[in-house]
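Hi,

Here is the structure I promised to pass on.

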Number of protein chains: 4
Amino acid sequence: MFPKLERKKVFRDPLYGYIYVTEAVISDLIDTKEFQRLRRIRQLSGVSMVFHGAEHSRFSHSLGVYSLALNVLQEVDILKERLSEYEQIVFLAAALLHDVGHGPYSHAFEHVFKVRHEKSTANIIEGKTEINTVLNQYHKDLAADIASVILKTGKFTIIEQLISSQLDVDRMDYLERDAFHTGAAYGRLDKDRIIRMLTLHNDQVVFKEGAVHAIENYLMSRYHMYWQVYYHPAARSYEVMLESIYKRILDLIKSGNLNDEYAVYLKTIIENGFEEEAYFELDDYYVNGLIKRFSHCEDEILSGLCNEFLTRKLFKYVSVNMNQEQIIKDIIDGRHLTPYEYKIDYISQATYLVDEFDIAVSKILILSKEGELKTLDQISPIIRGLSTSGIKTDQKLYYRDISHE
Amino acid sequence: MFPKLERKKVFRDPLYGYIYVTEAVISDLIDTKEFQRLRRIRQLSGVSMVFHGAEHSRFSHSLGVYSLALNVLQEVDILKERLSEYEQIVFLAAALLHDVGHGPYSHAFEHVFKVRHEKSTANIIEGKTEINTVLNQYHKDLAADIASVILKTGKFTIIEQLISSQLDVDRMDYLERDAFHTGAAYGRLDKDRIIRMLTLHNDQVVFKEGAVHAIENYLMSRYHMYWQVYYHPAARSYEVMLESIYKRILDLIKSGNLNDEYAVYLKTIIENGFEEEAYFELDDYYVNGLIKRFSHCEDEILSGLCNEFLTRKLFKYVSVNMNQEQIIKDIIDGRHLTPYEYKIDYISQATYLVDEFDIAVSKILILSKEGELKTLDQISPIIRGLSTSGIKTDQKLYYRDISHE
Amino acid sequence: MFPKLERKKVFRDPLYGYIYVTEAVISDLIDTKEFQRLRRIRQLSGVSMVFHGAEHSRFSHSLGVYSLALNVLQEVDILKERLSEYEQIVFLAAALLHDVGHGPYSHAFEHVFKVRHEKSTANIIEGKTEINTVLNQYHKDLAADIASVILKTGKFTIIEQLISSQLDVDRMDYLERDAFHTGAAYGRLDKDRIIRMLTLHNDQVVFKEGAVHAIENYLMSRYHMYWQVYYHPAARSYEVMLESIYKRILDLIKSGNLNDEYAVYLKTIIENGFEEEAYFELDDYYVNGLIKRFSHCEDEILSGLCNEFLTRKLFKYVSVNMNQEQIIKDIIDGRHLTPYEYKIDYISQATYLVDEFDIAVSKILILSKEGELKTLDQISPIIRGLSTSGIKTDQKLYYRDISHE
Amino acid sequence: MFPKLERKKVFRDPLYGYIYVTEAVISDLIDTKEFQRLRRIRQLSGVSMVFHGAEHSRFSHSLGVYSLALNVLQEVDILKERLSEYEQIVFLAAALLHDVGHGPYSHAFEHVFKVRHEKSTANIIEGKTEINTVLNQYHKDLAADIASVILKTGKFTIIEQLISSQLDVDRMDYLERDAFHTGAAYGRLDKDRIIRMLTLHNDQVVFKEGAVHAIENYLMSRYHMYWQVYYHPAARSYEVMLESIYKRILDLIKSGNLNDEYAVYLKTIIENGFEEEAYFELDDYYVNGLIKRFSHCEDEILSGLCNEFLTRKLFKYVSVNMNQEQIIKDIIDGRHLTPYEYKIDYISQATYLVDEFDIAVSKILILSKEGELKTLDQISPIIRGLSTSGIKTDQKLYYRDISHE
């Protein structure tokens with residue numbers, strides 16, 4: 001049904017050596033302008049300001065996730081049996097396209113403009129786009145089915161779990177890839193073993209007992225990457241500034257005080273929500289161009305934030321882990337800071353580890369040699385220890401330092 | 001004389017593990033807006049369209065070159081003796097700043113706008129910039145002396161050779177860093193050994209005989225990186241398109257047919273030559289913003305080129321190694337191509353290897369155990385073989401394919 | 001006082017790139033026959049039968065530990081200030097020599113012949129050996145002082161902690177080196193950071209708070225290396241067989257039933273305890289020669305064990321984690337196994353983790369930014385989780401399988 | 001025909017991550033005592049005395065070669081089509097077993113005792129061995145056919161070329177594996193690409209043009225590994241001493257002056273040629289045991305050589321590249337050296353590079369895009385340069401230094 005390329009395509013990858021493409025539909029998807037757009041969106045926005053090596057794009061990561069999905073199909077016999085050829089294509093394409101709806105500086109973007117990247121991804125897949133055209137050429141249901149995987153509607157539960165669960169091809173690629181580029185010492189995963197031990201049990205993705213150590217190691221790597229890389233205070237500071245810039249732009253546009261022709265695509269999104277053409281224009285190149293432009297604009301708050309962003313005059317930060325409301329008030333009031341100039345940033349078990357890590361523990365299922373199904377924390381004392389003991393939390397006040405100006 | 005930082009600064013680097021800064025002047029230079037601008041200029045412009053991992057910036061590379069310079073000072077006793085503290089600072093700062101004058105998509109930029117990055121680097125160091133201010137704070141001659149190293153005036157011949165010769169800290173960093181990010185199998189250099197064998201002989205940088213194998217390997221890595229990465233036809237095609245875009249913009253501005261407010265900084269450079277403020281604005285963010293903007297402009301040639309650039313519809317290419325003037329003419333005339341739509345690209349011994357490689361051979365000096373000074377090719381039959389035999393040359397015609405439209 | 005080499009010596013190391021020797025005394029120690037003997041003793045005896053890459057010797061490891069000690073002296077300013085030149089030499093030499101007293105297949109050897117390698121190391125350093133001669137040439141107290149560090153007499157407490165504590169140069173080298181050679185995915189340590197954060201506080205080796213994540217990662221790597229590599233059942237089985245072979249030899253010699261001229265050196269050690277000349281002969285080459293020889297000997301138990309050892313017919317194993325005394329009894333009695341043919345092997349928190357890991361937790365001291373001293377588990381919830389939750393234990397019965405014969 | 005394992009076997013490998021075994025016959029071959037014997041023979045005898053990390057065994061290498069053979073079958077479609085299932089098993093088994101006939105310290109062993117390891121390998125495969133028994137269980141012709149591949153009788157020309165030619169799975173594994181363990185900077189090969197570009201043309205193994213750079217890099221790595229690792233003078237010195245020890249043993253046995261019971265297996269080989277049982281006993285363990293034993297023997301020449309070998313008092317060496325017959329004579333006569341105490345060692349183009357390298361050049365065949373078959377040197381100017389220019393040669397006199405004693 002699905003035609004192969006006459007000659008397989010090869011991408012040289014710094015992590016995996018080579019990434020191979022044999023399916024014509026995958027090759028065509030890579031060539032679409034919406035997928036090529038991912039070259040213009042960095043994977044780690046603020047982090048690259050702290051770890052200078054982490055300048056890789058979502059394009060690299062997306063190819064990597066596709067590559068792991070291909071590995072999973074090649075290594076796990078039971079999947080090859082259970083998934084039809086059509087479903088295998090759905091899996092590979094969904095892996096490739098899962099991030100296609102990310103905006104520029106995605107986390108701040110989503111937060112301020114109230115966009116969810118999963119929704120935008122589905123919109124791009126089903127909208128008037130080159131990606132949609134390609135998919136329709138191969139099978140009339142493909143676009144809708146891939147979108148359903150992205151939105152986790154439950155139509156293809158196995159594929160949904162492989163792409164997005166507590167231990168999936170997306171996370172495995174980004175943890176290792178981000179570690180590689182940041183130079184972190186502890187991001188190497190035993191992906192081969194994890195994939196080899198992956199199996200199905202009553203339509204659920206589970207792992208054989210032989211994977212327990214490799215999964216423990218994966219969860220520890222993840223813990224370390226979060227605290228040392230993703231939550232690095234300077235990286236957070238950069239994100240906070242981005243949010244402030246986005247917020248100021250939003251408010252100026254809404255109040256009719258930003259009449260810059262170049263801001264048109266942001267305006268469209270703000271006013272009309274998702275729209276293919278405008279969304280396509282939104283990438284790091286565009287936003288960086290805006291920031292450079294607005295560093296000369298009349299609005300002093302916006303030009304100030306943009307200038308400091310470009311010259312790396314980051315917001316300062318102070319730990320406010322104890323109930324130091326007074327201290328926070330002192331800093332904010334003492335400096336007469338506007339709402340664009342500070343943020344209290346909680347990173348805690350509550351927001352990251354209950355929501356992510358603890359559930360990870362209960363959701364990763366292990367199939368013992370005797371055929372019993374258990375959750376990881378039932379089997380691994382080290383993971384049980386992690387989930388029952390108090391987990392590190394942190395709360396910081398980020399604020400613009402007057403003395404900068 | 002030169003104050004140390006109270007606490008040394010540390011940068012995590014994917015290649016070198018950690019990069020250390022102990023000198024206050026180096027730390028202050030890194031924080032200037034002109035140095036931070038290098039985060040916004042990719043090291044390998046076209047190459048990243050072929051090797052998706054090669055998305056690193058000149059910022060990463062510049063820190064790397066500084067780090068190698070520091071290694072050289074730590075490992076080579078004779079340099080510590082021969083260079084005064086002041087000269088050591090000149091060396092470190094010149095290593096850090098050597099690329100600060102690069103423009104966006106530098107090679108095409110230099111070629112079209114007739115700017116030499118060494119000249120711009122010197123201008124930035126000596127002009128009205130934060131870098132100049134920092135340097136003056138530490139020593140009144142520092143800016144002029146670092147600029148003289150960049151321009152190779154002969155005032156500090158040893159430092160000039162260490163920074164820019166046939167085997168220098170600049171090349172050692174970029175070859176290995178580019179190989180790392182492209183995923184090339186053969187870029188690993190034995191830098192430790194090369195540096196340990198580096199010594200002085202009558203004020204010339206020479207290498208002890210024990211380095212010969214490591215240098216042979218370095219030259220071979222370089223050869224392979226050129227032919228497989230830097231000269232990759234798709235990367236060249238991308239560069240050719242950039243040149244065409246730059247040329248069209250230049251011609252439109254000169255003829256008064258491009259009245260876009262945002263193009264102001266390019267206009268300044270075209271009309272007035274180097275100017276600090278305008279130059280600072282010129283980075284990948286700016287040019288990419290322009291390209292996105294011009295993809296919607298009225299000039300059909302420019303909008304066409306920009307569109308195809310963004311959607312990766314590269315110029316096609318055909319080998320024209322034999323004297324196929326007729327074939328070239330057929331393609332160009334048959335398609336009625338304007339001068340913006342094709343280029344004959346020579347890569348040959350004549351332009352790259354006589355100018356670079358062969359001179360490398362004669363210029364790398366080896367000090368034998370017996371104290372004799374010889375050129376590398378006198379000692380190494382493998383290098384002699386390389387220089388006397390015919391070296392691969394290549395000539396391609398790159399052209400816009402009508403069927404794209 | 002201590003002369004430098006005219007030209008520093010360089011060893012190429014697969015992990016560290018290059019290892020440098022500048023002190024004449026270190027160079028002379030490496031050249032002694034007792035240190036060279038370590039080339040003939042594998043670092044991981046049984047493990048190499050499971051992880052075929054782990055064939056490296058104690059010689060490699062010992063050079064590595066010396067190299068880390070040198071790094072510590074170079075990076076930690078406070079140590080350079082606090083340790084006299086003499087003490088620095090004591091440190092470097094003790095790091096180099098710390099394993100020089102290991103016997104062949106050391107753990108089984110120590111267990112059966114009641115020898116402690118620390119004691120043997122001290123004996124070699126202070127006995128009639130080339131090592132002792134070298135040390136005396138440089139300073140009359142050197143041998144006694146290095147031996148005192150090995151035996152932890154408390155004379156040089158700082159050096160003792162650097163060489164042997166819960167986080168020391170010995171462990172850092174072997175964890176990473178063993179991981180490298182076994183191909184384990186998770187052995188990479190952030191040694192640079194751990195060493196950079198090392199400092200002194202009231203004559204105690206402590207770590208600055210910035211090292212906490214790197215130390216957490218180190219402890220997790222250690223945990224994984226133990227359970228997946230060092231405690232691998234097939235590796236344990238091999239060790240159990242070695243113990244049986246040693247025990248049988250011991251009993252035959254004691255009962256006068258082993259009259260093999262070649263066994264003379266083992267005999268000497270059994271009858272007289274440590275003796276320089278005999279000890280020097282005891283290495284893997286010697287014991288492997290014995291095993292090959294005894295595979296043809298008359299004693300059927302010994303020849304059987306040796307044969308099966310050489311042809312990798314390992315003892316079988318079965319988990320006896322539940323109180324399955326009956327099962328154990330069935331296997332042993334049912335097969336009429338002699339005491340040489342089975343062993344119950346406990347690996348548990350009690351023997352490994354209370355003794356090693358938990359104490360590690362309480363003993364690794366962290367100096368907070370505010371100058372407070374805390375134990376690691378007070379600061380790290382993840383480590384606290386590890387120490388309070390039940391830790392995995394395991395108990396296996398290893399037994400010779402009759403059906404082999 | 002050939003049964004698969006119920007559950008595939010996995011070996012963790014430091015270079016390749018995991019090595020997989022799915023064929024029952026391969027698994028059974030690995031478990032034979034003759035294959036397990038390779039654990040007791042180091043891959044690089046003398047080299048490990050210079051590069052301490054290079055302590056890996058022929059067992060590791062043999063698994064690696066098997067693993068590459070498996071890759072070749074998986075990646076090269078035309079081979080899967082052209083080779084029957086039976087032939088594929090012949091290929092995999094021959095790759096695994098190709099070194100099974102190596103003796104201890106193989107090069108010296110072959111040279112002195114006039115044994116060829118290919119012949120011994122064939123003898124073991126076809127003789128009364130466990131390997132032969134295993135092969136016969138699976139197919140009656142298997143042993144004879146694998147032996148024919150090892151001996152290159154021309155029955156399976158494609159398989160012969162894949163296993164042993166100028167660019168084969170054997171060389172690719174050992175170059176990269178030896179580089180990995182020695183810590184050499186330049187041994188990384190682009191094996192994936194070389195294998196992907198491998199194809200057949202009229203029953204000849206050839207490479208598509210896209211492999212040219214990867215093959216150039218392979219030949220350069222090989223050149224560097226030879227001169228810097230395999231030909232390292234200290235490693236050669238060690239080999240020369242081994243040869244002298246072997247020669248002395250041979251002469252003493254022949255003249256009836258060595259009556260050591262333990263030498264029985266060497267005696268058998270000397271007197272009767274290949275014999276399964278005796279050959280099985282010959283491994284590093286045995287020879288090292290002999291050397292330790294003979295270091296105490298009565299023959300002064302033998303005990304002296306053995307002692308110096310064990311304590312790393314290597315033969316000295318001096319370059320005799322110019323026709324310095326007089327100098328050689330002076331050293332030998334002046335010291336009254338016996339023939340066991342010196343050797344003139346030629347390493348030159350004549351012995352290594354015409355025989356190996358130049359023929360490599362003419363034998364590696366490249367299939368151009370246009371379907372033309374050319375030799376590598378016709379296509380690659382860099383290789384042409386290598387073959388036409390004079391290649392480095394070296395000649396050294398190795399001699400026992402009287403002052404040692």
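Predicted model: local features only at pLDDT ≥ 70, side-chain atom pairs only at ≥ 80, totals over all residues.

Residues are numbered from 1 along each chain as written, chains are lettered from A in the order written, and side-chain values use heavy atoms, without hydrogens and water.

Let's start with chains C and D. Their contact (heavy atoms within 4.5 Å) takes 45 residues from chain C and 46 from chain D. Together they bury about 4100 Å², 47% of it on carbon and sulfur atoms; buried area is the accessible area (1.4 Å probe) that two parts lose on being put together, summed over both. There are 6 salt bridges across this interface (a Lys or Arg side-chain nitrogen within 4 Å of an Asp or Glu carboxyl oxygen). One of the salt bridges joins D:Glu281 to C:Lys292, at 3.5 Å from N to O.

Now for the domains of chain A. An automatic or database assignment gives domain 1 (4-231) and domain 2 (234-347 + 395-399), with C-alpha centres 29 Å apart. Domain 1 of chain A brings 33 residues to the contact and domain 2 of chain A brings 26. About 2800 Å² is buried between these domains, 69% of it on carbon and sulfur atoms. A:Arg40, A:Met49 and A:Tyr105 supply 27% of the area that domain 1 buries there, more than any other three residues. The rule finds 1 salt bridge across this domain interface. A:Arg40 also forms a salt bridge with A:Asp283, with the closest N and O atoms 2.8 Å apart.

Best wishes
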